[in-house]
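This report describes one protein model for a reader who is new to structures. Please look at the sequence and the 3D view first, then read on.

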Amino acid sequence: MDSKRRQLIAGISLASAGVLLNACRTSPSGSGSATNKSDEPAPGEAAPAEVTAAEDLMREHGILRRALLVYQESAVRLRQDASSVPPDALEKAANLFRVFGEDYHERKLEEVYILPVVKKSPGVAAGYVDILFEQHTRGREITDYLLSITKADRIPSNSVETLAKTLESFVRMYEHHAAIEDTVIFPAWKSAVGQGELDELGEKFEEIEHEQFGDDGFEAALKRMEEIETSLGLSNLDMFTAPKPPK
Ligand SMILES: [Fe+2]
Ligand SMILES: [Fe+2]
């Protein structure tokens, strides 16, 4: 694909989250996808299990962690043979992180409903909030850089090491970030808001997701992620099984 066409597609994707995430919804197979929360079950089909607000946030982290895996593997490959990393695959991963991670998960949910509540709550969790906000900002700066450097048909050779280092630093930051949110921030938030409000927020989050993506954003993002992994030859989980330890 030439760079103009790729830029056009990236531009359209950034302009419309729904287009980006729903671009992958044409395949009827839906392999590995969660059931669409908004659909009525077909006759004889089990009703979809309800997703709680905290579970919603954590499975979104699952999508973002898969993007981090793409970044990590790309950093290794860039150093071995830069031509083995197609810039448009990295660009798609960065676009997904922007639309699903930064503009939706962080900006619409965490920064509005989670972090301000935790900041006012007693305990250690409040102490993390300013750093988490800073890391959201740094992540967006890095995503801007990734989207800009992956516009070209190939990564310039004098940028390969900088790109690999930047990808690794992003992965390192976001792995810690999501781990603290999963283990400290979300539990503190759940305690602070109480069960009644949690149920309401679960519905609110679903509404926001539909507003943002027009349908089930998680399912579309998952499908998009699977396509990116496949394009990079990263879709076989068994390739990541560790070798036997030394005797
Ligand atoms: Fe966050
Ligand atoms: Fe998060």
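Helix H6 covers residues 160–213, and Glu-211 has its place there. This is a predicted model, and the values below are computed from it.

**Overall build**

The protein chain has seven helices and zero strands. Read from the N terminus on, its elements run α-α-α-α-α-α-α. The protein chain is made of 247 residues, of which 44% count as buried.

**Surface patches**

Where does negative charge gather on the surface? A patch of negative charge is formed there by Glu-50, Glu-197, Asp-199, Glu-200, Glu-203, Glu-207 and Glu-211. Glu-211 counts as exposed because its relative accessibility is 65%, and the cut-off for exposed is over 50%.

Another surface patch is nonpolar. Leu-69, Leu-237, Met-239 and Phe-240 make this patch, which has an area of about 370 Å². One of these residues, Leu-69, is placed in helix H3, which covers residues 53–80. Leu-69 has a relative accessible area of 30%, so this residue is partly exposed.

**Aromatic rings**

A pair of aromatic rings is described by the distance of the centres and the angle of the planes. How many aromatic pairs are there? The count comes to 10 aromatic pairs. In one of them, Phe-170 and Tyr-174 are stacked, with 5.8 Å from centre to centre and 10° between the planes.

The cut-off used in both cases is under 20%. Phe-170 and Tyr-174 also belong to a cluster, in which ring pairs link them with Tyr-71 and Phe-97.

Ser-169 lies in helix H6 as well. With a relative accessible area of 38%, Ser-169 is partly exposed, because this value falls between 20% and 50%.

**Salt bridges**

Side chains of opposite charge can pair when their charged atoms come close. The structure holds 14 salt bridges.

| Residues | N to O distance |
|---|---|
| Asp-103 and Arg-107 | 3.7 Å |
| Arg-140 and Glu-106 | 3.2 Å |
| Asp-130 and Lys-119 | 3.0 Å |

Asp-103 and Arg-107 both lie in helix H4, which covers residues 87–119. They are four residues apart, about one turn of the helix. Asp-103 counts as partly exposed because its relative accessibility is 24%. Arg-107 is partly exposed because its relative accessible area is 42%.

Asp-130 counts as partly exposed because its relative accessibility is 44%. Lys-119 counts as partly exposed because its relative accessibility is 40%.

Salt bridges can also be linked with one another. Arg-65, Glu-175 and Asp-182 are linked in such a network of salt bridges.

**Distances in sequence and in space**

Two pairs of residues show how sequence distance and spatial distance can be set side by side. Ser-169 and Gly-139 are 30 residues apart in sequence, and their C-alpha atoms are 9.9 Å apart in space. Gly-123 and Ala-188 are 65 residues apart in sequence, with 8.3 Å in space from C-alpha to C-alpha. The place of Gly-123 is in the loop between H4 and H5. Gly-123 counts as exposed because its relative accessibility is 57%.

How values were computed:
Residues are numbered from 1 along each chain as its sequence is written. Chains are lettered from A and ligands numbered from 1 in the order in which they are written. This is a predicted model: local features need pLDDT of at least 70, side-chain atom pairs count only at pLDDT 80 or more; totals for chains, interfaces and linings use all residues. Side-chain values use heavy atoms; hydrogens and water are left out. Patches are made of residues with over 30% relative accessible area and no salt bridge: like charges are joined within 9 Å, nonpolar side chains (Val, Leu, Ile, Met, Phe, Trp, Tyr) within 5 Å. Accessible areas come from the Shrake-Rupley method with a 1.4 Å probe; for residues, only the protein chains shown count as cover. A salt bridge is a side-chain nitrogen of Lys or Arg within 4 Å of a carboxyl oxygen of Asp or Glu. Lys and Arg count as positive and Asp and Glu as negative; His and the chain ends are not counted. The place of a charge is taken as NZ of Lys, CZ of Arg, CG of Asp or CD of Glu. Helices (H or I, at least four residues) and strands (E, at least two) are DSSP runs, numbered from the N terminus. Buried means under 20% relative accessible area, exposed over 50%, partly exposed in between (1.4 Å probe, protein chains only). Rings of Phe, Tyr and Trp (its six-membered ring) pair if their centres lie within 6.5 Å; planes under 30 degrees apart count as stacked, over 60 as edge-to-face and the rest as tilted.
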